[in-house]
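Please read these notes with the structure open beside you, and take the points in order.

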Amino acid sequence: MTNPFSVAWTTPYETPPFDLIKTEDFKPAYLAALEQHRTEITAIAGNEAAPSFDNTIVALERAGAALRRVDMVFGQLTSAATSEALQAVERDIVLLVARHWNAIYLNAALFARIETLFAQRDELDLEPEALRVLERYHLDFVRAGARLSAAERERFGAIVERLAALGTQFGQNVLADEQEMVFALSEAEMVGLPEFARAASAETARERKLNAPFAVTPSRSSVEPILHFVQDRGVREKIWRAFVQRGANGNKNDNSAIIKEIVALRAEQAGLLGYPSFAAFKLADSMAGTPEAARGLLEQVWDGGRTKAEADRLALQDLARAEGQTEPLEAWDWRYFAEKLRFARYDFDENALKPYLELEKVVEATFFVAEKLFGLTFTPCTDIVGYHPDVRVWKVAREGQVIGLFYGDYFARPGKRSGAWMTAFRDQCKLDGGQLPLIVNTCNFNKPAEGQKALLSLDEARTVFHEMGHGLHGLLSDVTYPRIAGTHVVRDFVELPSQLFEHWLEEAPVLARLTHGQTGEAIPDALLERMRAARTANSGFETVEFVSSAILDMDYHSQPMEGSVVDFEKMVLEGIEMPREIGLRHASTHFLHLFAGDGYAAGYYSYLWSEVLDADGFGAFKEAGDPFDAATAKRLYDFIYSGGGKRDFAEAYRLFRGRDPQVDALLEDRGLVMAAE
């Protein structure tokens, strides 16, 4: 049979024909695409004509189309629908791809053409967007080792290949621990768990074919309800320990040695490029600019967060004693008693919101906001095949024109890694007639039993809005060149569109659409008032678990790692006086952001950096007195959501907001203003 990647796709909007794509298609598709790309690069580098923007930079933008097509499909399947066979292909392919890109970035003849154009950039009379693309290409090559000596390039290339293999193995190990470990639980052990979570745990037991009424895995979506609601302290401890020990169980999936090697190789890589640390290297191309600037923000927020968490700890310990717990408060107790404390202080039980937070209605609410802000419409597409039966597809239009497709994949399942993310099967661009983006949102909510509705927590509803913010960044992209399309921006800017979009979830016109699944009634005003009053009830905990993880990330990549992973974590946490009763949001051995690739390595701080921007940015709508103010929404579209990377990111924010961001709104949103003072 013909390999689907070797022919043009005749599907609607040239979408991937997932009903035809098989695991065995990927390796030959990669080999053919890599060879085609090599041929294209050889022609560009060997062009006898003097370098020009068109024959070098635009040619590079056109090259590699076949490789991008297979790579973007493969990347999502290995994350959201993998198997042992697909993982085996992944381990083979990752080295071939890393070696391929090394050869491109370290191609002396190719870089000479880019270097010549960069030196002449002021005389080329390029439009601003084209100039930006030239500058980014030049920086990409320099940061990938193009200016190194021959011996240094060889070592640099070897490091890149080894890091690619280690990152793949790290991610596969975490997934294996999540898949292989399952806890069968009895009715008595589930006392206190709300019905929605009981149903999900029962479904897990059925899926795993266990002789038990309930089951829990160490993935976050399975663990969180246990930690929040189960009365049995022993069960909470058992599940919590399994959760934090992913990748650190001394088995074949243990990631401890991988972390040590990754950290050492990254430090060596940065040293070859002339940087004192990997953090300095990574942040040189960011809004923060330096590790010192990023850490300064982390420490500013840390102090207020820890102060608030310490005050909450005393209240939680008192509450635990009042309920008969003689042992000290531990990490597996915090969420459980925090729920009780929130109810005692604010008469707010978050579970009371769940009947109003049906997944379908929350997704529709994101569409409503996108329509109000940007004029988008989402129409279900039943003629487009997804990569799994859970995947749904919508056609997205603006001003009567289809601008892209949106894929939604919302439920947890075996073969799918934890977390939530946005990716694409195709990026937007206007080059050579243009192409429509194919954008994917992936989440891991518990799938309801057949005939039941998926009900979300407030935090899960925020996740839907967050990922839609990323999705809109890809869908609304309006640039000529793929290199700067959509989310191809620096790490501490990329979270701005996603985190900013979260703010609309709690606006009155949106909440009015989230009606009760059975009665059709709106959320009662009294419940909304209690929800808003309790908004920062556990913000000390949330700040501490996040910021501690970000500081750990920065320290891994700013100083030599001495001793074991356990020793290093302990040293860092003792140094910041981490409250013993709060665990890291991501312990090292399952910290996928850092070690399953380098996307967020020395960059986990970026969520907080972007939070400064999103809290301050939403203030523009507050000042306008309307969450859908047309003039503010237009600036948001022009400079944040549609602009990709075509201008300096600080400038883009100033053009939207009219000034530089201020940290005050973030501290207020987290309830840390008084704590910081």
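1. Which residue just after H2 takes a positive phi? Gly64 does, with a phi of about 80°. Helices here are DSSP runs of H or I with at least four residues, strands are runs of E with at least two, and both are numbered from the N terminus.

2. This is a predicted model, in which local features need pLDDT of at least 70 and side-chain atom pairs count only at pLDDT 80 or more, while totals for chains, interfaces and linings use all residues. Residues are numbered from 1 along each chain as its sequence is written, and side-chain values use heavy atoms, without hydrogens and water.

3. Helix H2 (residues 53-62) has eight of its ten residues buried (under 20% relative accessible area, with a 1.4 Å probe and protein chains only). Among them are Phe53, Ile57 and Leu60, and the buried residues of H2 pack against helices H1, H3, H5 and H6.

4. Helix H23 (residues 606-624) should span 27 Å at 1.5 Å a residue, and its end C-alpha atoms are 27 Å apart, which agrees; the expected span is 1.5 Å times one less than the number of residues. Of its 19 residues, 16 are buried, and Gly625, which follows H23, has a positive phi near 75°.

5. Five strands form an open sheet of mixed pairing, in the order E3-E4-E5-E7-E6, where two strands pair if DSSP finds at least two bridges between them. Strands E3 and E6 stand at the edges with a single partner strand each, so one side of each is left without a neighbour in the sheet.

6. Strands E5 and E7 run parallel and are joined by six bridges, and Phe406 stands opposite Ile439 in E7.

Key: Buried < 20%, exposed > 50% of the residue type's maximum accessible area, 1.4 Å probe, protein only. Contact = heavy atoms within 4.5 Å.
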